[in-house]
Structures are given as structure tokens and as C-alpha cells.
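Q: Please take a close look at the cavities in this structure, and explain what lines the largest one and what surrounds it.

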Amino acid sequence: MSSVASSTSVQRTYRYLRIGIAGTALAIFVAVGVATAEVGVLTSVSDYFYSPARNAFVGALIAAALALVALSGRGVERALLDAAALFAPLIALVPTTLAPGSVPGLSVPCSTRCFPPAYEADAANGVLTYLIMGGLTVLVALLLVALRQLSLAAVGFSLVLTTALLATVGAFWVFGRDAFFAQGHFVATIAFFALFAAVAIFNAFPRRQAPPPLVFRVLYTVIALALVAVLVAYIVLLPGAGASGVPVVLLAEAAALSLFFAFWVVQSIEKWDDADPRIAAAR
């Protein structure tokens, strides 16, 4: 007789989603490692968008966004994860600016960091697709609410947040495109990991249910505080990236990805046997 414990389809779905999200971070690390053999060590993980790692980098972030939407549950944590799911595609579709000579074989026609003009058409296509698909998603959600297939109370805040973010992105795209190219990737990256610092705190100290065992509270708190520290370092170090010869931004981004990976590993362990995964319950 098999000794494998039975599980519900909901349990399996949540298990696989968490494992899959952790896997997206691992996929980025693997792609960057493989590309490093060809282009060398670049100044940041984001710079590898301009290397053979590009397809894996973009695909992993889009996959993470879809999984986050599917996993997000209800309440404040739902809003945080849904917001993170909105920022992840922007990290992928609007690549980072580059300093001259930072990527071998790629010409950057500026004296400091700037957005490579050769990639503007790709980014424009990606952003317009993002805005159109985002708008269609809001319309579908509203239709499902009208048909009473979704509860407005359950999705209302996420819909407002999504609409506001799409409107903000659209406004900056139309009226401040140069600034969007210059800062879009940076802002999306900061927002994405900051949201995960908040998610980790909510997991450590949930508002409407018993807190997790002490070991998980400690792990979630450490992950949140470490993410905040890494983000502060990222913001401070980015302007001088590469000037010292040490890839400090690369190390900061790698640390943020590692903490993102660690969060999903910890949560997978904590919630593995939950009959009704608590992330689906209101907090």
C-alpha cells in the first residue's frame, strides 16, 4: 500500500504554484550563469537582458506574474501579490538603461547610462501589449462581477489597484516616454521587491489568524528586513554601478532574487500540508 498521503487538488495547485514561482528565480540564475560564459560578468542581473539570457529572463518574469495572480488569495495579501504581478512584466518588457561598454558588442550612444535606442521599438511593443492586455483583464473581471461569478468585495481593491497602475503607466508612456525609458525598469524592480518585503511581514504577523510557528515568523521577518536592506543598497549603488570595478548592483540584484526564492521555499514548507491553504483565506 502506498505511504503517500492524499491531498486535495487545491493543495496540489498551491504547492505547484509556489514551487513554480521559486523556480522562476532559479531559471534566471541559470540563464545568467550560462550567458556569463559568453559575455562575461556584467554590472547587473538586469544587464543580461542584452545577452543570450534575454528569452529566459523575460519568460521567467512573465511566468512569475501569471503564477502570482493565480496564487494571490484574498485581503491585503491579495492586493500586494496582484500588484507584484503587475510590476513583474514591466521589469521584463522595459529593460534597464546601460552605461557605455557595459555589455560587450552593444553600442550605447551616450556618455553615461541611457536606454539603447535599438531596443525602443521592442519596449514600445511590450508596453502597449501590457496596457491592452491589462485593460482587457479588468474588463473581463468586471464582466464576471456583473455575471456574479466573482465577488466585488473579494476583487474590488485589486481591480482599483490594477486600474490605477495601468492608468499611471499609460500616462507616463504617453506624456513622459523619455523618463519612462530612463526609470521604468528601476521603478518596477524596486516596487516588485518592496511588495515582497511587505508580503513577508504579513506572513510573519497575519492580522486575522494565528501567527505561524516561531521559526517561520523569524524566517519571514529576516527575509523582509534583508530585502529592505538590499533595496536601499540597490538605490544607493545604482548611479555608480561599475565605477569601482566591483559588480555591486549585480550582487544586490542577485541577493534580492535569492531572498525572493527563499520566501517561496519557506512558504512552501510552512503551508505544504494545509488542508485549505491559508493564503486563500482572508487575512
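A: A search of the whole structure, which is a predicted model, finds two cavities of 30 Å³ or more. Rolling a probe the size of a water molecule over the atoms shows where empty space is left. Here a cavity is a set of points, on a 1 Å grid over the protein atoms alone, where a 1.4 Å probe fits but cannot get out, and its lining residues have an atom within 4 Å of a point. Grid points are joined across faces, edges and corners, and a volume is the space filled by probe spheres set on the points.

The largest cavity has a volume of about 210 Å³, and of the 22 residues that line it, Leu61, Ile91, Thr189, Phe193 and Leu257 lie nearest its centre. Helices H1, H2, H6, H7 and H8 each give two or more residues to this lining, with H8 supplying the largest share, five residues. Helices are DSSP runs of H or I with at least four residues, strands are runs of E with at least two, and both are numbered from the N terminus. Sorted by class, the lining of the largest cavity has 17 nonpolar, four polar and one charged residues, where Ala, Val, Leu, Ile, Met, Phe, Trp, Tyr, Cys and Pro count as nonpolar, Asp, Glu, Lys and Arg as charged, and the others, Gly among them, as polar.

Leaving aside neighbours within four places in sequence, Phe196 is in contact (heavy atoms within 4.5 Å) with Leu68, Leu81, Ala84, Leu227, Phe260, Phe263 and Trp264.

Residues are numbered from 1 along each chain as its sequence is written, and side-chain values use heavy atoms, with hydrogens and water left out. In this predicted model, local features need pLDDT of at least 70 and side-chain atom pairs count only at pLDDT 80 or more, while totals for chains, interfaces and linings use all residues.

Key: 1 Å grid on protein atoms, 1.4 Å probe; cavity = no way out; pocket = protein on both sides within 12 Å on 5 of 7 lines; lining within 4 Å.
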